[in-house]
Amino acid sequence: MSGDAFEPKIVAYVCNWCTYLGADLAGTNRLEYPANVRIVRLPCTGRMDFNLIIKAFEIGADAVLVSGCHPGDCHYTAGNYHARRRWILFQELLTTLGIDLHRIHFTWISAAEGRKWQEVIQEITESTRELGPYMGYRHICEVQK
Amino acid sequence: MARIGVFTCWCGENIARTVDVQHVAEALAAEPGVVCSLAFKYMCSEPGQSLLSRKIAEERLDGLVVASCSPHMHLRTFRKAAETAGLNPYLVEMANIREQCSWVHHDRKLATDKAIELVRMSVAKVRHNQPLNPIRVPIVRRALVIGGGVAGIQAALDIADAGYRVVLVEREPSIGGKMAGLSETFPTLDCSQCILTPRMVDVAQHPHITLHTYSEVESVEGYLGSFRVTVRKKARYVDIDRCTGCGECWTSCPSGKNASEFDFGLGRRKAIYVPFPQAVPARPVIDAKACLKLTRNRCGVCLKKCQAGAINFEDQDQMIEEEVGAIVVATGYELYDIKARDAGSSVSGYGEYGYGRYADVIDSLQFERLASASGPTGGKIERPSDGREPKTVVFVSCVGSRDRAKGIPYCSKICCMVNAKHTMLYRHKVHDGEAHVFYMDVRAGGKNYDEFVRRAIEQDGARYHRGRVSEILEQDGKLLVRGIDTLAAVPLTIAADMVVLANAMVPARGVQQLAQKLNVGYDEHGFLSESHPKLRPVETNAAGVFVCGACQGPKDIPESVAQASAAAGKVLVMFARDHLTREPEIACIDQRSCSGCFTCLQACPYQAISRQEITDRAGQVLRYAAQVNPGLCMGCGTCVAVCRSKSADLAGFSEQQVYGMVESLA
Amino acid sequence: MGHHMDLLPHQLIRLVQLGQGARAIRADAIWQCVSCQTCTSRCPQTVDCAAVMDALRQMAVENGVAAPAQKRTWTFQQAFLQNVRRNGRLSELELIGVFKTRSFADDWSVPGLWKDSLLAPQLLRRGKLHLMSEKVRDRGVVRRIFQRCEETTAGQPSLESGGSHE
Amino acid sequence: MKIGYYPGCALHGSSNDYEQSVRACLQQLGIQLDELDEWICCGATAAHMLNARLATALPARNLALARQQGHEQLLAPCPMCSMQLLKANAELHDRRVRCEMSEIVELPLDASVQVLNLIEVLQQVSCEEIRHKIAVPLEGWQPACYYGCLLTRPPSIVRFDDPEHPQSMETLLRICGAEPVSWNSATRCCGAGMTVANEETVLELSHQILADAHAHGANCIVVACPMCHVNLDMKQGAIQRRDESLPAMPVYYLTDLVGRAIGLDDRQLGIDRHFVTVG
Amino acid sequence: MIAQLRTRCRRLLSDGDVQVVIGYEYCEATGAAHPTFLTDPAQADRLTWNGACHHNLVTYLKRPEIQALGRAAVIVKACDERSLVVLQRESQIDRQRVYVIGVTCAADHTRDKETCRACTTPSPRFADEVIGSPPASSAEAKGADGQDRYAQLDRFMERSTEERLTYWQSELQRCTKCYACRQACPLCYCQRCIVDKNQPICIDPATTTKGNFAWHITRAFHLAGRCVGCDACTNACPAGIDLRLLNQSLSRAAEVNFHFRAGEDLDSAPPIGTYSLQDQESFIR
């Protein structure tokens, strides 16, 4: 990767018990992937507040990933189900606002899916590279009146 | 101003190869609040840890970030190290620059830059860490066992024999469960009651066991170490303390036409009855639906006959409170009900087998009663329809089991052995009788199990046909069993006198509701979920609640007993500690700003949130606010996400900490 | 029907699973099957056996290996479809006629030819026999539907994947 | 009540006595039949035996017509037809199939039309209504209710009654005062479409059914299917020729008995056109 | 009808059943109807009721100064009543402490409001008493088809993603963070609003586009599955920002995905804080 080419900033909110361990597994198996992702470890996707997605864009993220346990695997039995519900609604709001949903990714990645973690990060990084910097939200953050 | 120490680990070459650790250390030294930033070869090693504690003392650190491997790997290690050095362990954070950086990137520059950002995030987080103390939970050294079948009995006796008090709750009027009704048991053919009833008596006489029969668990509150359980003692109309069990009442009771639950409808019982002679307690109960006194206010013979004055028609359900520290669930199984129709569909299982329409088509538990010496026929094999001795009996395996179409994909595990046993029992009693078995596969894994099946075939001449029964028809007093022998590839029609269906094993009715009260998960079939199939087979995800026996999955007697002892063992491990500790990283609610919408209460997966009155000095209720029960909260943070006023927060992952991390990426 | 079949339904399914559909489609059994759907509704593995039978029959005819002994059955079904193709609705008299002559051409059995013909007058007497057959007005569309369905065999199972497990 | 009506070839052919019976009976119960214009054959056994897509396309065409002609409900008294229609309907839920098929049948398609068999239509008339319409209670009638194959099978498609132990006809006839017998062959196959092609099969299967009905003390058989009627009624002579011991067993359409109960006579119902007649 | 309303309220006050009546009053100056708060039976004649009575009076129940007066009687239209149901469901009002007088909307209440035209419930269902009877025609007059409730939203959603973003940028730039939307909303009742929380600062309090986006996203999402579509926020906004669109997109999502409509009844569980195993997750990889 050359320095001047655009490199997206990706913020990943992941749950401690499935996806975080999945990412660890990717490491243990030395599965290489782009260095663009910054992981924020949360106990559970149930803790994942929608404001955090906005916050990520405010600090200039070009894409956001939210990832947790597969349905039925939640360490806290139901956190991911609660999260899933909120995402369904939140996406709707963002669509209406004209926020580009290609910038937001939701996945279930288990502690055993190191490979999936690698693939997901590779794909998100690639697609975001193609989309380019998220000028849409950067404008919002810059434009003063 | 914070005094944070940052320790970047080489992890030998593991990190240092791709991340310029020295550079990371220097970069972080410039961070506000960071008073010392070092790189070291092995932070987890003894010298690494002593470096840590030395710096804590020298630099009077109030926050620590170790940039090395995954927190799942060593967070505990470093928190311990901090604790020994006199720093609150929860002021330690890690930055994962190995699994999530050096091991997955090759470009040294990129990896180093990322590492720096990751460590910055952790620094930003640790700025807001609060010292926390593990929550100490006292233990009530008293166990509740739910279900008085063989598993429940075993668990109760094991715990009680260890010297702890046990409360045993059984739904039926007597303990004993399904096993008490069995005739003989495979693979040894020893009499079921002969081996079970002594243990039932042990339970009754054990000084440490409180027995609540004809009772059900109404509600469960509290948490690991101290549960508050409400037990509903159903109205029995007989004072079992006064009653002497003389039998005057049931011998004189005029209403004798009632189907006996214990004999699965094959036998009759009085309106006041003891389910079976060896029942524990050996005290009668009045069937309110059948009793003439209770239904039509006539009769009352038993009342007159009873010398002990134990009969009480005014009896009411009573609620009993029990304090326990651990709970063992052993609610067992029942047979898949062919006649039951699942909501919406008009289809009931196996209409083609005529169960419920043809009197002589029975299920395997009914056959057990026919074969049992204490059964309705005194152990003679007779057809329910006309009492004649059946000369040809067909046993059908996998009725429900392994039948995806009927929604039961699993194997019930015991039926193959049960069928083999039944053919033996039948042939031993009816020497000139024919026993046929239709099976899909014979699954006889277990000590002396396959030998047992071979014996049924080779010595006792059971005729095994590999294939399913397609339908059962009634024609002039015979049951035409139409099926196929797939090995011979010939359709068969057997004119039988009786058919025995080996129905699938399903969890006892009501177990789901119980599971919800206990916060224990269950699968789509209603079997309770253990927390790890291999390594935590009797634990559940609800701390302090254990499972054993067929409520967790199809099992035979030996397995149930073994699992029961395992569960008892786990309870004793708990009771051996002088107190329990729980992670302090849990939610709390700022009641000053809580607006009391109680969305959190609804969302909490652990019912850890309750309403609390907010009163003024005069004790006047001003409003209601949410409150977290630290004993129940597991720290998932769902409440934080749904709280609109952001009054809920989660220690260890507080809003301040998380926002701090994200903002550090700006 | 089982006891008449040269290969029993479960054997047919097994052959298909083993990739030996070629043997299955030569069986008499697939033509003896009366499509009563009992197998489908009782299969514990939710295999749609009846549908498999249909698939086998189609392949048998396409590959021209339909059991000779059962020719009567499939010639009848073919005649049936051609009849519908022509009229849009079934003209029984026409069908019987065509079918008789064809099967006669196959087996030269005179009794076969006259069989049932005694029924004709009785049917007539009961007003159950229509000499004038009923036709739909727009027969063009019917023909086109047939053509379209015949030209493409997409979505039709191949010998290997004959089984249809839901 | 007005309802779409798909007669199918049989009811306009040799089984027109069935149509007569259905029309008469339903009329008496206040149900108007509105025949589908330009309906075509459902393809029956032949289609699903020989050409899967045809087996969907032919019924689909009819469903499309029904939709076009504004029928929400469509009665198909012939179980073969109703099953074929229902099967097509089920497949039309798949968007891909829907698009493909609407091209083939040259009409827009959806899965909105509700296909009903004869019994379902009778069930729409409340028991109360039937009860008070009853003129001649069917005392002494002990019918063996014969469902055959396609009324209840395959259950996943037809979703009607219990495929192994259906009782809906029994319920209706009890209302009419009859005492249906319980027997073994209610859902056995009579040989269905094999009537001409493979008579052997038909004679054998139908014989078992007739014999079983006698064995269980039935004095008539009730069907709701033209093919079953042909095989049990028209073919009964041939069956008896092989087995003299087999006494005559009248075979009625469901609507024959219900019709009688609500005061229609044999002529109106076309019962006089059956082959087997007693008394 | 108005006469009946006045006598009833006079009665309630004089009998001491309630200490304050929240109703509508005709205002000479503006020629419009305004909220009014009566504590004295003599004032009852000031009450009015007509098609111009837009305000959702339920909003005032949350005000401490009103609560201080004692038991209140409030006049509600069928649409306002929905917010009452939500408040009760969220244990914000003690139903015993409020006397609810339902008023029916006449067909001649020809109001320009889209919500009125799409309204399907002409008369309140949970009120302690209902004054006036709905004209038989009203249901049809108001076009019983709930779908066209979203006609305006549909039109808006026809724009491209970029167009929508630019639209909101220009709209929200005008926001002055006066929080009238919050004050007017019957369901914004937090003791301490999230924007007033400063540790951490979830929402930039500055009136920059950034801060305004953060605020309006939060405001709208905090009403997810709760907003009853009374449009009080939109009507209150001095900058004339059409907040309705945001609320509607969420209401519709709740209806489509969870068959839930806020304020419909007291029993059905709201979408947030609950879940179903069947919830769709096509968007989750």
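A residue counts as buried when its relative accessible area is under 20%, as exposed over 50%, and as partly exposed in between (1.4 Å probe, protein chains only). The model is predicted: local features need pLDDT of at least 70, side-chain atom pairs count only at pLDDT 80 or more, and totals for chains, interfaces and linings use all residues. Residues are numbered from 1 along each chain as its sequence is written, chains are lettered from A and ligands numbered from 1 in the order in which they are written, and side-chain values use heavy atoms, with hydrogens and water left out.

**Exercise 1.** Determine how helix 12 of chain D is placed relative to the rest of the structure.

Solution. Helices are DSSP runs (H or I, at least four residues), numbered from the N terminus. Helix 12 of chain D covers residues 226-234. Its buried residues include D:Pro226, D:Cys228, D:Val230 and D:Met234. Nine of the nine residues are buried, so the helix is largely enclosed by the rest of the structure.

**Exercise 2.** Describe the interface of chain C and chain D.

Solution. Begin with contact, meaning heavy atoms within 4.5 Å: 57 residues of chain C touch 54 residues of chain D. Next, take buried area, the accessible area (1.4 Å probe) that two parts lose on being put together, summed over both. Chains C and D bury about 5,000 Å² between them, with 58% of it on carbon and sulfur atoms.

Then count salt bridges (a side-chain nitrogen of Lys or Arg within 4 Å of a carboxyl oxygen of Asp or Glu). There are six between chain C and chain D, and D:Glu106 and C:Arg144 meet in a salt bridge at 2.6 Å, N to O. Finally, sort the side of chain C that touches chain D by class: 22 nonpolar, 19 polar and 16 charged residues. Here Ala, Val, Leu, Ile, Met, Phe, Trp, Tyr, Cys and Pro count as nonpolar, Asp, Glu, Lys and Arg as charged, and the others, Gly among them, as polar.

**Exercise 3.** Describe the interface of chain E and chain B.

Solution. Chain E and chain B each bring 21 residues to the contact. Together they bury about 1,700 Å², 53% of it on carbon and sulfur atoms. E:Gln191, E:Arg192 and E:Pro200 supply 29% of the area that chain E buries against chain B, more than any other three residues. One salt bridge is found across this interface; the side chains of B:Arg644 and E:Glu90 meet in a salt bridge at 3.6 Å, N to O. The side of chain E that touches chain B has nine nonpolar, seven polar and five charged residues.

Technical notes: Helices (H or I, at least four residues) and strands (E, at least two) are DSSP runs, numbered from the N terminus.
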